[in-house]
Amino acid sequence: MSSPEKWTHPGPDAAPATAAKPTAEQVIAGLRATDEGGADLVQLLTPEGERVQHPDFDIDITGEELRGLYRDMVLVRRVDREANALQRKGELGIWVPLLGQEAAQIGAGRALRPQDMAFPSYREHGIAWTRGVKPTELLGIFRGTDNGTWDPVEHRFHPYTIVIGNQVLNAAGYAMGQKFDGKVGDADGEATICFFGDGATSQGDVHEGFVWAAVYDAPLVFFCQNNQWAISEPTERQSRLPLYQRARGYGFPGIRVDGNDVLATLAVTRWALEECRQGNGPILIEAFTYRMDAHTTSDDPSRYRLSDELELWKLKDPIERVKVHLVKQQWADQAFFESVEAEAEQIAIELRDYCVNLPDPPAGRIFSEVYAEGNPVLEAQRDEFLAYHAGFAGGEH
Amino acid sequence: MAAPTMDRPTSAAPAAVQTLTIAKALNNGLRASMEANPKVIVMGEDVGKLGGVFRITDGLQKDFGEQRVLDTPLAESGIIGTAVGLAIRGYRPVCEIQFDGFIFPGFDQIVSQVAKLHFRTQGRLKVPMVIRVPFGGGIGAVEHHSESPESYFAHTAGLKVVACSNPADAYWMIQQAIDCDDPVLFFEPKRRYYEKGEVDTTAAPGPLFASRTLRTGTDVTLVTYGPMVRTSLDAAAAAEEEGRSLEVIDLRTLSPLDLAPVYESVRRTGRLVVVTEAPSESSISSEIAAKVQQECFYSLQAPVLRVTGFDTPYPPSKLEEEFLPDLDRVLHAVDRSLAW
């Protein structure tokens, strides 16, 4: 066998073999262009409430529809703030705020049709709302009484997934099933949407989900909410490339949308879902948004990000721009805004009442539904535990 | 070499009794499930055109098409994770993990999603899927191809774990596992794939989650599963020549364990040797030892002994015969038990 060719390091002065490595400034400019989100950002409603046109994505919206989107966003924000407060009062163990991401979630959620399936991560309270899951049904997860009580089949809304990125593969498989079932290929076909964050894009499961969906032509919309922060780590810790551009490497389209613009998010997601149900999936959407609050109520963002960044994003509030536009168009009056506020207050009251009265589950729940077909070893353990429990004065539970 | 005595009727053999290898029995079992239920799909690396590296899925893609026998991209988490999505969509995926040591990229999906979805949703979602794993050593392979990772999965609530040891069980257990509404880890003794035995295709020899006494005896009980069943039966035959009567129980199900026949046996023999290829620490053999001392405390004439792989990484193949329990090590433990 001949000796292998000697390999020498090209050294710092050698010309790079391929495109030059981007500078740190270029990376950040692409990833986190805080003013516009980059030249490719799809936007239909500016932060100032001005309607702008886009050559590829546009949407005809009526006043009634826009009032509906506004109402959705106000209500889910109120739910979010109330749940956050309930955690502060000790009624919830933890809460995962969605503040700032209302447009990304309402826009995407309202693009779904009844036959579509959605796979959330754990911050998708707005998506849950659009799938008809009652806000009260989210509370048990964070109070520690259950792991979510909604019926995933009825609502076509999968359980929250806490392990980062797991649900992307589950969604890819589900979407493959839609295709195998012959439900893809016309305007009334089915599609799946899967939600994950900027941090999740580093997970192997997300990469594998991209690969699987691509090679099986799965009707799957990958909806990445890039809220700029994975707990304390900025997007440049996850990627050199703007996230939506990754799609090209897998062979499907990637689009960056202004995630604080509910109209643009609705338009782009609706288009992507239609493409998928016609058989042209998958598609990646990067919703460029900002996590206005902490990662969770256990987090302290002041340790890793500056408040001037927050101030900048406050100017791009997803709800305010819609309100401005509604007023400018004379699509809503003061009475409308007041009625939405009153409705939000009522939901908050109901949420609070439900939460503080949510009973602890019976002790035997530990053992229930671990298996679909039972397990005699576990059942013996349960019986022993229940007998032990019943031995205390006052009996079980 | 004594043939295993199956505890099922041995009367007039029906016409449907065939002599098959474990590999062919698995293939026939998979085919039978796929014919019976159009929702059964097979997925894994090289399972289609090639028929799997051990040919367990040979011919299935040709007969059932590419949508029911999927040559997947090469990523185990992807295989398991997409199977979860297909399962909740109504399919019954049968995933092949090519070798035991390659299951770990899929470990996260198995323990976080496969095992927990039914519990997390309080029964609203079922995940009826089978994960087939050729396991164990003895084939002279390079590293990561000879491992016995079953204890990890038996330790995980929400999973069921079984291991077949002979062609009849291979044929029936794979079909029963596919029919099960719980996720099942299905361990196949790869070094025994080409051992032959009779398969009666007219009736299952018993339920899936039950252990079975393969040979009755009075002096010492051997409990084992998978590839060590053959080793233990051989040891029992050799012991018989020395006038010792060993009972051999094939666990078949590792989670849930079905230990009633073991307790009954130990109460008669007073002595137990557990034989596994898997290392001993915090393992299925540990669990059996703990349970037997709890249930058979006054019957035991000797401590429960274990003959297992060592608590080392699986060694290079030139050393594997030293690592793997063999007839002599089993008989040595039997001697120690009897001499206690």
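Modeller: A quick word on terms before we start: the domain bounds I'll quote come from an automatic or database domain assignment. Keep in mind, too, that this is a predicted model. Let's look at chain B, which splits into domain 1 (17–200) and domain 2 (212–339). Taken over C-alpha atoms, the centres of these two domains of chain B are 26 Å apart. Where they touch, domain 1 of chain B puts in 25 residues and domain 2 of chain B puts in 20 residues. On the domain 1 side of that contact, α6 (150–154), β6 (160–163) and β7 (184–189) of chain B each bring at least two residues.

Now let's zoom in on one residue, B:Val334. You'll find B:Val334 in helix α12 (residues 327–339) of chain B. B:Val334 counts as buried because it has 24 C-beta neighbours inside 10 Å, and the cut-off for that is 20 or more. Setting aside neighbours within four places in sequence, B:Val334 is in contact with B:Val220, B:Ala239, B:Arg244, B:Leu246 and B:Val273. Now try B:Lys318: B:Val334 and B:Lys318 are 16 residues apart in sequence, and their C-alpha atoms are 27 Å apart in space.

How values were computed: Residues numbered from 1 in each chain as written. Chains lettered and ligands numbered in written order. Predicted model: local features only at pLDDT ≥ 70, side-chain atom pairs only at ≥ 80, totals over all residues. Contact = placed C-beta atoms within 7 Å. Helix = DSSP H or I, 4+ residues; strand = E, 2+ residues; numbered from the N terminus. Buried ≥ 20, exposed ≤ 12 C-beta atoms within 10 Å, placed from the backbone.
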